[in-house]
Amino acid sequence: MTEYTDISEVSKGLFVFIPGLPPRALKTQAPWKTLVDRLRTELEPTWRVEVFEHELTATSREDLDDVVRRLAAQMRDWTGELSTDIEPPDGIIIAGHSFGGILARAAYLLDATAPDATNTDRDEHPWTGLLKRIVLLGSPNSGYRTDARKTPLRWRLAYALATPFFDFTFEKVMAGGYWITDLRLRWLEAFRSATDRPRVIQILGTSDPLVTHADVIDQKFMPHTKVYEIPNADHRGLIEVDAAPDPNRRYRQLKDAILGRPDETFDDELTRKSGPTAFILHGIRASALGTWVEDLGADFAAASGHADDEETLVINPDTGYFSALEFALPGTRRRKVHEFLRLYGEAYATRDPEQFVFAGHSNGTYMMAQSLDRVPAMRFKRIYLAGTVLPRRYEWQRVFENEQIGHRGDAGWQAGEVRIDRATRDVPVGILCSWLRGLGSADVGTAGVDGFENISGRAIDQHRRVPGGHGAALKSPEQLREIAGYLARDSVAVDRASRRASSAPTTAASSSSAPATATAPLGMPPAAVPAAAPGAEKSGPGWGERLFNGVSRFVGLRPVAWALLLGLGALAATGLVKLGRAKGAKVAVGTGAAAGIGFWALLRSI
């Protein structure tokens, strides 16, 4: 336990208030004005009180990173870093309501030395070292939930209908959003890795349906934090003291929570669990492969061999049935990512992220890659992919350089491993993804059949080629146990020759014509590997596989892909024309062309 730091010891302080997103229209004064004015009266002249008005609304489209930079720059100015006519304070308190609390956290992390790969060479700004308290009034750690009571209807409608086409402020701060998840992970890591962080105060209203205890659960797994509950206060009532039955009492409650009490104590112990955690994501049709997700999870738990005081956790969300048509629409397939990010954030708060591993099939591999691309703070110790729908030129090099694959140990950062099992006749990858690639979808491709390019020098093993279709690598119990063993084993030195062999770039031609060879799982000496991994192909491709590879490359040609799309559109239009008892080939062809152009515009704009 640590005790409260008395702010009366501050001789020249700075108090900064950051409001949340405003209601649609303010016909009277801002709801926070009375609270801030009363604090100003009590704090001055020892403390200077400032308000950062970001002027954002829920449907603003300004880049949040730009807003955070504006706030951080304003903090530097208010603390005398940018000019000599302002005397620097010797103590700072930042209080943010709702969305304002999210901005406060982001600005602090921007200017403080954060323990991630992107900030190691940047010095912290002086104001972050003077910060005594970060006060979050009704501000969610993980973002706002669309299913929370009193979430504005216009937020829900816009999130459901418009966000595939536009980037709104509230989308970025919704639970599972890329931006808010990255902030959450960096926030947790910053407070776990240092002892000189400011105190974090979470203030909740007991009648607030928008932000509840479940939305600030992170404080249970962070040092230097405390939660205050304000009786009978709703979300707006946390700042609108005049609306309370007893305004003076409400103000005193808020003032003591914001400025601190002499009897205040903080628990500095970390309580997160240390066992291994496996994330297993199924593809667009998990039911077609039986119970492989559950079976792999059970095999992983059995193979992890954790200590008595550790607990293995398997996270395998059911993202529901996902048709090929839904997968073809970028906006639809990207929506599935947010539930995965929400679960990852919860696990990151409660468990040791150095022991996170991932296994995914089909669209599950897409969700993982999108998350790594958009959430730089996400990482896994080890990754397994089967039937991957990723493009051949996916930037594994950047992901490794960002230290997103591996773990931190006593010896510092240790790079991790990636294993990809490819099927020889994978229709969803070889045909559908090749066709979508030809239409211009850059985030999908045929790596699940042809392999990845540009992986030289990295611990990426993609030489296993399993005879069969989309789920061939996951069908037998022997295969699942071997995959579980790969995911669960501890990091060991990789044989240099084996690593060089597994890292060699594979071209489409070589993957379709060269005989497959069994390679040792990374970390296993070559002498220990059997003649072939379970289910792996032992002979060269037959005529059926060569034909399949040829068709795959053919439908991926841009003219062919567009001809197929326009042909499908023309067929659909012809059917509509006949259905409407209309005549004339011109109408059918014109309607088909219009349908094709419209579908292309949809693919490119989402």
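**Stop one: a tryptophan on the outside**

Select Trp-543: at 65% relative accessibility it counts as exposed, the cut-off being over 50% relative accessible area, with buried under 20% and partly exposed in between (1.4 Å probe, protein chains only). You're looking at a predicted model, where local features need pLDDT of at least 70, side-chain atom pairs count only at pLDDT 80 or more, and totals for chains, interfaces and linings use all residues. Numbering runs from 1 along each chain as its sequence is written, and side-chain values use heavy atoms, leaving out hydrogens and water.

Trp-543 sits in helix H20 (residues 543-555); helices here are DSSP runs of H or I, at least four residues, and strands are E runs of at least two, numbered from the N terminus.

**Stop two: H12**

Now select residues 337-350, helix H12. Ten of its 14 residues are buried, so the rest of the structure largely encloses H12. Among the buried ones are Phe-340, Leu-341, Tyr-344 and Tyr-348.

**Stop three: H17**

Jump to residues 477-488 for helix H17. Its buried residues include Leu-480, Ile-483, Tyr-486 and Leu-487. Show helix H9 (292-304) and strands E11 (356-361) and E12 (382-386) too: they are among the elements covering those buried residues.

**Last stop: confidence**

Colour by pLDDT, the predictor's confidence in each residue, from 0 to 100. The chain's mean is 79, and 74% of its residues reach 70 or more. Over residues 114-121, though, pLDDT is below 50, and it stays under 50 over residues 491-532.

Definitions and conventions: Contact means heavy atoms within 4.5 Å. The expected span of a helix is 1.5 Å times one less than its number of residues.
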